[in-house]
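Let's take a friendly walk through this structure, beginning with a pair of helices and ending in the sheet. Keep the model open beside you as you read.

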Amino acid sequence: MINIRKLEAELWESADLLRAGSKLTSNQYCMPVLGLIFLRYAYSRFKMVEAEILKGRPSRGGKVMPVEATDFAAKSALYLPKEAQYDYLLNLPEDIATVGLKNRDGHTMTSLGEVVNNAMQIIEAQSEQLIGVLPKSYTDFSDEILSELLRIFNNSALDEVGGDIIGRIYEYFLNKFAKNIASDDGVFFTPKSLVKMIVNIIEPKSGVLLDPACGSGGMFIQSGDFVNQSGMNANNAMTFYGQEKVEYNAQLCLMNMAVHGLTGVIKSGDEANTFYHDAHNLDGCCDYVMANPPFNVDKVKAESCESAKRLPFGMPSINKNKEVGNGNYLWISYFYSYLNKRGRAGFVMASSATDSQGKDKDIRQGLIETGHVDAIISVGNNFFYTKSLPCSLWFFDKGKSEEIKSKVLFIDARNYYTVVDRTLNEWSEWQLKNMNAIVWLYRGEVDKYTALLQEYRIALGSGKPFAEQLHELSEKAKILRAEAKKAVEATEKRGKKKIQEEYDTKLAELTGILTIAKEANWLYEKFGDGTYTNILGLCKAADKAEIESKGWSLTPGAYVGVAPVGDDGVDFEARMAEIHRELLSLQAESNDLMDTISKNMKEMGL
């Protein structure tokens, strides 16, 4: 198994070393580099889709009919003519001038930079929304540096793990450049697991989707995937609209959408500042609103906000300078106002907004009294690439059923996640499904919950009770670990690594199945065959009267309580005595080591 985090870091380090050698600033370097990763990602998706198209391709006279741009449009993918394909660029000879290549305008090209610029122009001709968006400054690079960048992003490890990983590398670079370039501390990219959670709960099917703080377009990409997986074509079913104040981010958004075969209308610059402009005139028109807006923005001009409207519950607090000191409830009000009569919204918000006071509290009360607040999920630290801060996910639904209209579902997921590394947490695919299942049961959609249980059974390859499977798999893992240890110890030195790798592969496979069993058991022991229950420390469906009694707070922890701590069977006093003995032993070893170092230094005359 390739360590993707390591691969990401290595690619970034290589590219950044070249940046240092090119004398270009991060601002000058980032778009061309992202353009090359865009080309690599687009080519990976192109080859994958081409293979799908060719599977059922008719033939004439023994020859398979060639693929065309329309075939790719039907599959939500970008068509790439030969001169824009990554392999073509990678395999060009060193001296471009000797080949006699001509660009789209018929002029002879003499450098690799010109050839890459031409590739970008060719792609723009395939996608109307990309016109003027792709970087075309590759003649600023020497042919040597450009050739090396093409080679770096063609790392063979990417081919071994497939197209989805190319997408992840692309996202990683987006995030790295955002961290280096973003001048506004409130701007940061949304991690995929948060985006997926929002999309899974909103369940976009067809209609108008707006992201009024769209960044690099993650909400659109994930929504498109969700719709496509349901058997529909996202471009036919959905209309995507975005607003993004930072033009650089809007360019990334259009590139990201194009590589996924999505079309949309994205506005950027001052006219797309959502605090002051409804750039697409969508107030009251949206089926879906999704966003991760910048948190806690200050110095927002109050008069401009009032004249821009979209504030059904009134203005937040205004200071003596006629400014809104915290923009969180402007965003919250806008998201609600954009929805049509049955619209749904899902967005990321600063944790403090669930319980802020003053005018914020009045707006929150107004929201709750509509009956359209659907769910609130607390998220713990370390979910963002560039920030370590908790947040909340808010969900509105103007089409809530009467059975739950007076209730709000609270989920405290601060202790439910998978650790990626020391600074990053995420929700695994099964954890996302499990939290989605809680929402299904709260909404009365038991059939979706039942289908998930069946999905677990198929993944585990058994119809046995989940608790029984979890126990069996845990025992198997213990036995396999002990067996691995013995086998490695019994093998001569030069063969140890091979034996260890063989067992590591077996353990990884078993651990993967064991993880699925743990998540299946986690869900089933709480909700059985499909009955929503309030679970202490995890979830509660609270009615309006209870919310009012808690001062209109929307903080999940105030409702779900704290789960009881299970007895892990460890004798606390005995364990502490053992730890104390270990500490004394380590201190003694440390003292001996210091004495040895001191003697050695004296012998060396130091």
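## Helix α16 beside α17

Helix α16 passes helix α17 in a left-handed crossing (left-handed if the near helix is turned anticlockwise from the far one by less than a right angle, right-handed if clockwise). Helices here are DSSP runs of H or I with at least four residues, strands are runs of E with at least two, and both are numbered from the N terminus. This is a predicted model, in which local features need pLDDT of at least 70 and side-chain atom pairs count only at pLDDT 80 or more, while totals for chains, interfaces and linings use all residues. Residues are numbered from 1 along each chain as its sequence is written, and side-chain values use heavy atoms, with hydrogens and water left out.

Two packed helices are described by the angle between their axes and the distance between the axes. For α16 and α17 (residues 446-460), the angle is about 155° and the axes are 8 Å apart; axes are lines fitted to C-alpha atoms, for helices over the stretch in contact, and angles run from 0 to 180 degrees between N-to-C directions. The two are therefore roughly antiparallel (over 145 degrees; under 35 is roughly parallel, 65 to 115 roughly perpendicular and the rest oblique). Trp-430, Lys-433, Asn-434, Ala-437, Trp-440 and Leu-441 of α16 meet α17 residues including Tyr-449, Leu-452 and Tyr-456, where contact means heavy atoms within 4.5 Å.

## Other neighbours of α16

Which way does α16 run relative to α19? The axes of α16 (residues 429-443) and α19 (residues 496-527) come within 10 Å and cross at roughly 15°, which makes α16 roughly parallel to α19. Here the crossing is right-handed. The contact includes Gln-431, Ile-438 and Leu-441 of α16 and Glu-519, Trp-522 and Phe-527 of α19; by class it has eight nonpolar, two polar and one charged residues.

Asn-436 also sits in α16. With 5% relative accessibility, Asn-436 counts as buried (under 20% relative accessible area; exposed is over 50% and partly exposed in between, with a 1.4 Å probe and protein chains only). Leaving aside neighbours within four places in sequence, Asn-436 is in contact with Met-197, Asn-200 and Ile-201.

## The sheet

Turn now to the open sheet of nine strands, ordered β5-β4-β3-β6-β9-β11-β10-β12-β15 with mixed pairing; two strands pair if DSSP finds at least two bridges between them. β5 (264-268) and β15 (539-543) each have a single partner strand, so one side of each is left without a neighbour in the sheet. On average, neighbouring strands are turned by 15° against each other, direction ignored.

Helix α9 (residues 192-202) lies across β6, β9, β10 and β11, running at about 20° to β11. Strands β6 and β9 pair in the parallel sense over five bridges, with Ala-291 opposite Phe-347 in β9.

## Strand β11

Key: Ala, Val, Leu, Ile, Met, Phe, Trp, Tyr, Cys and Pro count as nonpolar, Asp, Glu, Lys and Arg as charged, and the others, Gly among them, as polar.
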